[in-house]
Amino acid sequence: MQKEEILKILDDWNFWKKDLETGVKRNFYLEKLKKLLLNEQIIVITGARRSGKSFIMRQLAKDLMENGVNKNQILMINFEDPRFSELNTALLQKIYETYLEFLSPKEKQYIFLDEIQEIEKWEKWVLTTQELKKAQIILSGSNAKLLSRELSTLLSGRHLDLIVFPLSFKEFLEFRNFKIQDQLDIISNKIKINNFLKDYFENGSFPKVVLKENKKEILLAYFNDLLEKDLIKRYKIRKEEKLKEVLKFYFSNNSSLITFNSLEKSFEISADTIEKFSGYFENIYLLFFLKRFSFKVKEQEKSPRKVYGLDTGLINVIGFKFSQNLGRIAENIVFLKFLREKSQNSNLEIFYWKDEQHREVDFLIKEKNAIKGIYQVCWDLTEQKTKDREIKSLLKAMEELNLKQGVVINEDFEGEEEIKNKKIKFLSLWKWMTE
């Protein structure tokens, strides 16, 4: 490519001559990134496609400028721009040289590399540039392999990570211009918050989906993008129809137990292939597979896993539903809240619990060697039979694990009950999600 062509593309993605759209500020991630910058290591931002990584990078760039960094010191490159041909490190070097020649930055540079996975063998270029203190590198990608042990080896442990998810419920409220200042705001706006939660259930929390009207169309477009670019193209899938079938099955059975062997006959492909596909789904943050808690690692690996989706909007649009199942959606939302917490605390682990009599508790949260809590999700507690069943499983788990308290997250009931010297705490989902 000619330097003039490169410069023309770069001009569209940078603040040099114009003020780019930065979207609604996501302060949680922005503050995290500002702290990471103080360490002067490579910053790796990862997460699902369309979860807001590019806008967060722009927000960081704008914040740098507002705090005295000259706009010529900032270079932003989006490697999904179709005008870039022959994506390789030679092009990456030429882009950098073009930037230096035409912008002539005088002080420390900040280089933002968006969707870096499109460039093969980018690691050495990034590491060399950072090591020679030529620039501060901030990169993003839509694949969990960016945070893998393999990458840690390639970057010699000289990187810090941040995972970006679609909007938390608190962020969702901010995007809908509803800000919570204190506990009184929560209590006095119960009906309003519950209505927002219904929207969160139905349409999910991708930033653009929350802000736009044509939600279903956007979600379908996202799904096709994830399918074509992140799965079929990236992993060179030949059994495309089988991949789609497995994916739609998972979306139709979110919050359910699955085994790869049991799906073998249904899809007429091997359990190994299903497991491989499932790994791909997890790599691009589209689906997550939760293991059963056990003190024996072999038992964890052999037991069925529970499947959860990245976004309830995608679950509702892609999954085949016989009827609306609010319980499963509620459980999926609770899982995602725990997952966000886990991304900020590497010591946290999430499991489900189940005994030999098939009594089950939805979530067990472990931190280092200690069990921090167990949680049952039951949307409707109005029937005493349902309530008794959920509590029975919880009590059994508490007894086995020597815990004094368990939590039931439900639609609206709050309170505490003491049974057999064990405390059961009831929390309403709408309030718990705003904490």
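Visitor: What makes strand β3 and strand β4 a pair?

Guide: Strands are DSSP runs of E with at least two residues, and helices are runs of H or I with at least four, numbered from the N terminus. Two strands pair if DSSP finds at least two bridges between them. Strand β3 (residues 109-114) and strand β4 (residues 135-141) share 5 bridges in the parallel sense, so they meet that definition. For instance, I111 has I137 in β4 as its bridge partner.

This is a predicted model, where local features need pLDDT of at least 70 and side-chain atom pairs count only at 80 or more, while totals for chains, interfaces and linings use all residues. Residues are numbered from 1 along each chain as its sequence is written, and side-chain values use heavy atoms, leaving out hydrogens and water.

Visitor: Why is β2 called largely enclosed?

Guide: Buried means under 20% relative accessible area with a 1.4 Å probe, protein chains only (exposed is over 50%, partly exposed in between). In β2, 5 of the 5 residues are buried, so the rest of the structure largely encloses this strand. I74, M76 and N78 point one way, L75 and I77 the other.

Visitor: How do you know that β2 and β3 are joined?

Guide: These parallel strands have 5 bridges; in one of them, M76 has F112 of β3 as its partner.

Visitor: What makes the crossover from β2 to β3 right-handed?

Guide: The term applies if, with the strands pointing away from the viewer, the path from the first strand over the helix to the second runs clockwise. Here the chain goes from β2 through helix α4 (residues 89-103) to β3, and this β-α-β crossover is right-handed.
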